[in-house]
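Subject: Structure for your review

Dear colleague,

Please find below the structure that I am handing over to you. My notes on it follow directly after.

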Amino acid sequence: MRLRGSSSEERESFQRMIEVAFIAAAFAFAAMATAYWYTQIVRGDYYFKLSENNRLRSVAVTAARGVIYDRHGVPLAENEPSYTLYLYRRETKNLAASIDTAVSLLGLPREDVERRVARYRTYFDFVPIALAENLTIGEVAAIEARGAEDPEFAVGVGQRRLYTKGTGAQAIGYLSEASPNQIAAQPDRYRPGVAIGQRGIESAYQDLLAGRDGERRIIVDSFGHETAEESREDPVPGRNLTLTIDERLQEVAERYFQNRVGSAVAMDPKTGQILAMISAPSYDPNLFSRRMTGTQWATLVDNPFRPLQNRAIQNVYSPGSAFKVFLAVEGLAGGYITPDTKVFCPGYATFYGRAFKCHKKEGHGWVNLREAIRGSCDVYFYTLGKRMGIEKIAEAARAFGFGKPTGLDLPNEKAGLVPSEEWSEKVRKAHWYPSETISVAIGQGPLLVTSLQLARGLAGLVNGGRFPRPHLFLSAQDAQTGGRFEYFDGTEERMKIDPAIVGQVEDAMWAVVNEPGGTAYLSRLPGLDLCGKTGSVQVVAQKDTKKEGSLPFEKRDHAWFIGFAPRRDPKIVIAVFVEHGQHGASAAAPLARDLAATYLGVPIPHPAEPGEPPAGAPAPTTIAAARAAASLPAPARNAAPITEARR
Amino acid sequence: MRGLFQRRRVDTTLLLAVLALLGIGLLLVASSTLGGRNAELTGRQAMWMGVGIALMLGMLAVDYRVLLKFSFPIYAASLAPLVYLLALGHRIAHVRSWVRFGGYQFQPAEVAKVATALLLAYLFENEQDRRLRPAALGKLFAMVLVPCLLVFLQPDLGLALTFVPLLLVGMYFGRMRRRYWALLAAALVVCCAVGWLFLKDYQKQRITTFVHPDVDVSGAGYQVRQSKIAVGSGGLVGKGYRRGTQSQLRFLPVRHTDFIFAVLAEEFGFLGVLVVLSLYATVVLRGLRLATHARDRGGAFLVLGLTACLFFSVMLNTGMMIGLFPTTGIPLPLLSYGGSSVATTLASIGLILSVEARRFANA
């Protein structure tokens with residue numbers, strides 16, 4: 001080495017310095033290599049997992065929900081494609097301008113859009129924001145047409161529920177987003193934003209209808225854009241469900257209940273299959289799978305007649321005179337009366353120092369059991385009730401299934417109430433007054449039943465003591481394998497009734513409709529052979545019943561009709577309840593007749609007319625009317641939803 | 001020039017290591033610009049490599065002693081664009097460090113670095129004292145800190161830092177007195193404390209991120225995190241050329257420039273890392289060895305300065321990939337995409353080879 005002008009000693013020292021630097025540099029490279037060894041070899045698996053997490057996303061593939069059919073294969077609930085507008089913030093140049101575009105394009109409420117965008121503030125900007133669900137085809141077209149100018153908008157396709165008919169909304173139920181509580185209850189099944197069955201069949205058979213969601217594992221880039229699919233697990237579609245419902249009957253009842261409040265249940269007495277279940281007022285279940293506005297929701301919730309409630313199983317009322325047929329069976333079976341026992345009806349009777357009126361002021365005169373049922377003589381049944389006493393009456397009521405849920409395959413069924421001395425002491429904390437027994441004997445007082453309980457009780461009666469469990473499920477089909485399973489229930493209740501007694505009561509019920517003097521004689525139909533019993537429940541004490549027609553809606557009597565047809569080998573039992581319908585004969589029996597005739601294929605020359613909008617305007621009950629009225633204010637709140645019968 | 005090769009005066013070890021690195025660099029740029037709007041960058045990089053090799057041969061052909069004589073005008077000329085940038089430059093990604101001409105952009109800081117190395121060598125060629133005189137020390141600081149400050153004000157902290165090794169070379173090999181070292185260390189501590197107040201927000205953020213990498217996963221911490229994932233997931237043999245998921249799916253930021261080493265680590269694994277680190281070690285250690293051959297102090301200091309700059313950049317960049325150092329945005333010499341970096345690095349290599357080629361007095 002030649003370093004001009006420097007001594008050899010200095011040269012050596014310079015060389016040593018370079019050697020130190022050499023060793024330091026070599027050491028630095030070795031240290032760097034060690035650091036990479038640590039990162040890539042020691043921690044390699046950890047980072048490999050992270051890189052896999054980076055590139056792979058799991059996307060749920062929603063399983064197609066099972067279709068719901070009526071017993072003849074008419075679709076009641078189907079699926080249709082639905083479109084959702086997504087905003088990709090990463091593509092947005094100006095977020096405020098994008099919000100403006102969305103607001104003006106779809107006419108959405110600005111606060112709503114801003115709230116949705118704000119909710120995603122803490123998310124990565126490649127996470128799309130759902131701005132609006134259930135776009136119309138026109139809206140989709142409008143958005144697609146602007147694709148070039150507004151690349152931040154994209155339309156996603158999903159599925160939504162379509163209730164083709166919309167009848168029996170409370171029995172079928174609807175789909176809506178799983179609530180936080182529902183997700184918390186089954187976190188491995190439901191995720192936020194998933195639509196699940198709420199109420200009715202949709203809720204009761206949620207697991208069967210929903211199927212199992214599939215999963216796609218996709219490879220994404222750092223913007224979250226899908227670049228390829230790595231694997232997929234196909235969804236298992238939900239099972240199609242066939243209900244026992246007969247849509248023809250549903251439509252007959254739905255039409256009848258227009259502008260009326262109440263419920264109707266029709267059942268096959270032999271099997272317990274529910275043929276019709278209608279509750280009015282009703283609502284459009286499609287509202288829940290679309291963009292429901294605050295007003296629409298308020299209209300549903302604020303309606304004093306509670307359209308969401310299934311009145312056939314969730315509202316309880318006194319059965320009124322419809323109860324007489326069940327009391328008659330026990331009266332005969334217990335020997336309190338014979339078919340020939342006669343009672344004189346002067347239009348009233350006095351028990352325990354108090355006068356009890358018969359609904360027929362001038363009185364029925366001397367009546368036997370058949371005549372008492374045909375003309376609905378109250379004095380006859382006051383007398384029978386007094387002979388039996390409250391405990392025997394309660395026993396009879398329980399034997400026919402009152403006071404407990406029927407076991408229908410829908411959630412939240414009410415039990416009703418069978419009063420007794422024990423009940424009075426325990427619940428009411430008061431003595432049972434003997435005069436109350438007289439009221440209960442004609443189905444008034446604290447005795448409370450649902451429409452379904454009456455239908456089931458009547459089915460047990462016409463079956464001679466066999467009580468099949470009411471149900472809506474007929475069969476389920478696996479859309480992929482074609483496999484099918486049918487309803488089966490081995491737990492049928494039985495009670496012993498003498499066939500002769502059944503025949504006597506059935507004969508009397510035939511007379512109610514088909515003989516002059518029968519309370520439902522006006523609803524007779526040649527060839528139908530309808531048998532039944534009318535009933536009415538007083539809402540408020542009336543001093544003078546003549547004024548009834550001019551009473552305000554909410555003070556009018558409730559109307560019942562229970563019936564079956566044909567007389568020999570009954571195919572259908574029916575319970576119709578019309579709130580504030582005044583007379584069972586005029587308000588409830590005509591629908592029972594039309595339901596039975598429709599089911600049995602008997603022509604109806606003059607079908608019952610839908611209700612007139614009364615002064616107290618109950619909520620609309622048809623789908624068309626519900627849609628039209630969704631924007632109208634709810635009826636006045638002072639109309640009482642449920643009324644107690646006079647004691 | 002034929003003579004230079006024939007008489008084995010050109011150091012082939014260094015040259016081959018450099019050429020190997022260039023080849024690997026081109027492969028990695030091609031992989032990391034696959035299928036994007038940067039697809040044409042591979043061709044550009046090849047062109048810049050050609051320019052760089054021409055520069056290298058040019059430097060080899062010219063006697064470095066001539067360059068040393070003109071080192072001050074060269075130095076002054078190289079500072080001019082830096083001043084121009086500060087006054088009038090366009091900002092690209094926050095900073096004014098690029099000069100545009102035609103369709104090309106150029107980073108004058110890279111040129112200034114080579115010019116500063118030349119001036120440093122010239123200083124020590126004429127500074128023969130056993131200990132570094134205060135006057136010489138003053139000159140050393142001035143010549144390094146002026147361009148360093150100009151770059152820092154752009155503001156490009158990373159590039160500014162790459163001038164520091166020149167200072168260290170001067171202080172260490174020029175034999176600065178111990179008490180100055182102590183004084184400097186104390187001054188540095190004070191400067192750091194005061195400097196923190198003057199750092200731009202994004203620069204502060206990078207340093208905070210370095211200390212607490214998990215504080216901000218989506219922002220500044222994102223880059224380090226993603227590059228660590230890329231490196232670590234490469235394992236022993238890597239995911240295969242063009243198969244790095246972190247790189248190809250764009251999780252890795254600026255992967256064809258600053259983060260190209262992470263692409264290598266992901267696609268070729270630890271083995272690939274070892275090969276490339278060995279090549280860099282060959283260049284650096286060979287450079288140090290060649291410094292001992294230099295015929296004069298100027299040549300020795302020129303080689304030491306340039307080698308130190310290279311070493312410093314390699315360490316900072318590779319360490320940055322795995323979070324050993326904060327993200328400062330300096331390219332990896334010879335591998336990263338970037339014309340200025342490749343061309344000036346190759347010019348530096350040319351200068352080192354030139355010193356080696358003229359190690360004999362009669363050359």
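Met176(B) counts as buried because 21 C-beta neighbours lie inside 10 Å of it, and the cut-off for a buried residue is 20 or more. Please bear in mind that this is a predicted model. In chain B, Met176(B) is placed in the loop between α9 and α10 (178-198). Leaving aside residues up to four places away in sequence, Met176(B) touches Leu132(B), Leu137(B), Met171(B) and Trp181(B). Arg131(B) is 45 residues from Met176(B) in sequence, yet the two C-alpha atoms are 6.1 Å apart in space.

Chain B as a whole contains 16 helices and 2 strands. Of its 363 residues, 53% are buried. Among the contacts in chain B with a separation of 6 or more, 73% are between residues 24 or more positions apart.

The interface between the chains comes next. In total, 41 residues of chain B are in contact with 37 residues of chain A. On the chain B side, the elements that give two or more residues are α9 (164-173), α12 (220-233), α13 (245-248), α14 (260-291) and α15 (297-321). The element that gives the most is α14(B), with 11 residues. By residue class, the side of chain B that touches chain A divides into 22 nonpolar, 13 polar and 6 charged residues.

I now turn to chain A. Chain A has 21 helices and 23 strands, and buried residues make up 44% of its 647 residues. Where contacts in chain A join residues at least 6 apart in sequence, 73% of them join residues at least 24 apart.

One sheet of chain A deserves a description. Five strands form this open sheet, in the order β12-β11-β23-β22-β21, with antiparallel pairing. At its edges are β12 (274-280) and β21 (531-537) of chain A, each of which pairs on one side only. From one strand to the next, the twist averages 5 degrees. In general, strands of a sheet pair through backbone hydrogen bonds, in either a parallel or an antiparallel arrangement.

Within this sheet, I looked at strand β11 (residues 262-267) of chain A, which pairs with strand β23 (residues 572-578) of chain A in the antiparallel sense over 6 bridges.

How many of the residues of β11(A) are buried? The strand is mostly covered, with 6 of its 6 residues buried. In a regular strand, the side chains alternate between the two faces of the sheet. In β11(A), Gly262(A), Ala264(A) and Ala266(A) point one way, while Ser263(A), Val265(A) and Met267(A) point the other way, and all are buried.

With kind regards

Definitions and conventions: Residues are numbered from 1 along each chain as its sequence is written. Chains are lettered from A and ligands numbered from 1 in the order in which they are written. This is a predicted model: local features need pLDDT of at least 70, side-chain atom pairs count only at pLDDT 80 or more; totals for chains, interfaces and linings use all residues. Two residues are in contact if their C-beta atoms, placed from the backbone, lie within 7 Å. Helices (H or I, at least four residues) and strands (E, at least two) are DSSP runs, numbered from the N terminus. Ala, Val, Leu, Ile, Met, Phe, Trp, Tyr, Cys and Pro count as nonpolar, Asp, Glu, Lys and Arg as charged, and the others, Gly among them, as polar. Two strands pair if DSSP finds at least two bridges between them. Axes are lines fitted to C-alpha atoms, for helices over the stretch in contact, and angles run from 0 to 180 degrees between N-to-C directions. A residue is buried if 20 or more other C-beta atoms lie within 10 Å of its own, exposed if 12 or fewer, and partly exposed in between; C-beta atoms are placed from the backbone.
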